[in-house]
Amino acid sequence: MARPVTLFTIQWGDLPLEELCKLAKDMGYEGLELAIGTHLDVHRAAADPAYVQEVKELLHKYDLDCWAISAHLAGQCVTDSIQWAYDPRLDGFAPAELAGKPDEIQKWAIEEVKLTARAAQAMGVKTVTFFMGSPIWKFWYSFPQTSEEMIEDGYQKVKQLWTPIFDEYDRCGVKLALEVHPTEIAFDYWSTKRLLETFEYRPTLGINMAPSHLIWQGIDPSVFILDFADRIYHVHIKDAKMNLNGRNGILGSHITFGNQRRGWNFVSPGHGDVDFDNIIRALNQIGYTGPLSIEWEDSGMERVFGGTEACAFTKKINFSASDVAFDSAIKNQ
């Protein structure tokens, strides 16, 4: 199948890029989804062709390519650093000197995400995966009572903040693929539809399809793919395993990932409850030919073993659509 199998690098941020490139090749990958900050300096990439060439040569040295780069952490800071929605956990995503200064974190984040568009353009990459945060995530459960005006204000605030950023992506010829995810303005089916409507289905904004965030909410990822077919700009291969035994709940109970007292956990692809066969069939139906990027998260498995197995698993399920009807040869002679 022509779809390349890549590795999202953010969970491997403790490794220098060349060490990760060598490891990724050894594990069988064909490319990397580079995380800004850890494995790609967007300031240098946006302004220094020599640096871009250096990164490309390093990738090619290990027979790797890059089809997408990630701005998840900076993107989260754009919205969640609004004064009245500020989350102090963002301090870990921004430069240390900005800790506790939401206005400065937001200013930094907006520039960082815009620079990512220019870096992607310089790298010849057409897609940036990202988070955008949400000023209304804390309202997901409507108590104290949440008015429709509060929700609409949140969507409009996101539109106000992100429209100038989208303008920069349009200038650079780069698309944004939002990972639908808890804590985001789009975290399930209907909130995604509302976000796309808020932006009047602007082509700049699409989806980074990540099924592991949907199944524990009771959402079928294949239905999601088919209904938002023209917005699937990138795909994460990531699994989750349900463990609802009568004690464990889907909200996680403030228990660390990997603990069997949780109602669900992220697990290595193929070890959970995501129906990847049906996902591939849905991707084939909509004509998706972009990368299948493994976002490897499994607190119960050694990561090199898991990363290697995940790559092999993804290649095994990466089948093409049939170019002939199975019954076309069955006819009267």
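Me: Which residues of helix 7 are buried?

Reply: Keep in mind that this is a predicted model. In helix 7, the buried residues are Y189, S191, T192, L195, L196 and T198. Their cover includes helix 6 (148–172), strand 5, strand 6 (205–209) and helix 9 (221–227).

Me: What makes D188 a cap for helix 7?

Reply: Look at the N-terminal end of the helix. A side-chain oxygen of D188 lies 3.5 Å from the backbone nitrogen of W190. After helix 7 comes E200, with a positive phi near 55 degrees.

Me: Why is L251 called exposed?

Reply: Its relative accessible area is 62%. Exposed means over 50%, so L251 qualifies. You'll find L251 in the loop between strand 8 (239–242) and strand 9 (264–267).

Me: Which nonpolar surface patch does L251 belong to?

Reply: L251 forms one with W140, Y141, F143, L244 and I250. Together they have about 720 Å² of accessible area. To join a patch, a residue needs over 30% relative accessible area, and L251 has 62%.

Me: Why does E184 have no salt bridge?

Reply: Check the distance. R89 is the nearest side chain of opposite charge, and R89 is 9.6 Å away. A salt bridge has to be within 4 Å, so E184 doesn't get one, even though E184 is buried.

Me: What polar contacts join the side chain of E184 to others?

Reply: One is with Q76 at 3.4 Å, and another is with T183 at 3.0 Å. The limit is 3.5 Å, so both pairs pass.

Me: Where is E184, and what is E184 in contact with?

Reply: E184 is in the loop between strand 5 (175–179) and helix 7 (189–198). Setting aside neighbours within four places in sequence, its contacts include F131, M132, G133, S134 and W137. Q76 is among them too.

Notes. Residues numbered from 1 in each chain as written. Predicted model: local features only at pLDDT ≥ 70, side-chain atom pairs only at ≥ 80, totals over all residues. Heavy atoms only, no water. Patch = residues over 30% accessible without salt bridge, like charges linked within 9 Å, V, L, I, M, F, W, Y side chains within 5 Å. Areas by Shrake-Rupley, 256 points an atom, 1.4 Å probe, with all protein chains shown as cover. Helix = DSSP H or I, 4+ residues; strand = E, 2+ residues; numbered from the N terminus. Buried < 20%, exposed > 50% of the residue type's maximum accessible area, 1.4 Å probe, protein only. Lys, Arg positive; Asp, Glu negative; His and termini not counted. Polar contact = N/O pair within 3.5 Å; in protein donor to acceptor, adjacent residues only side chain to side chain. Contact = heavy atoms within 4.5 Å.
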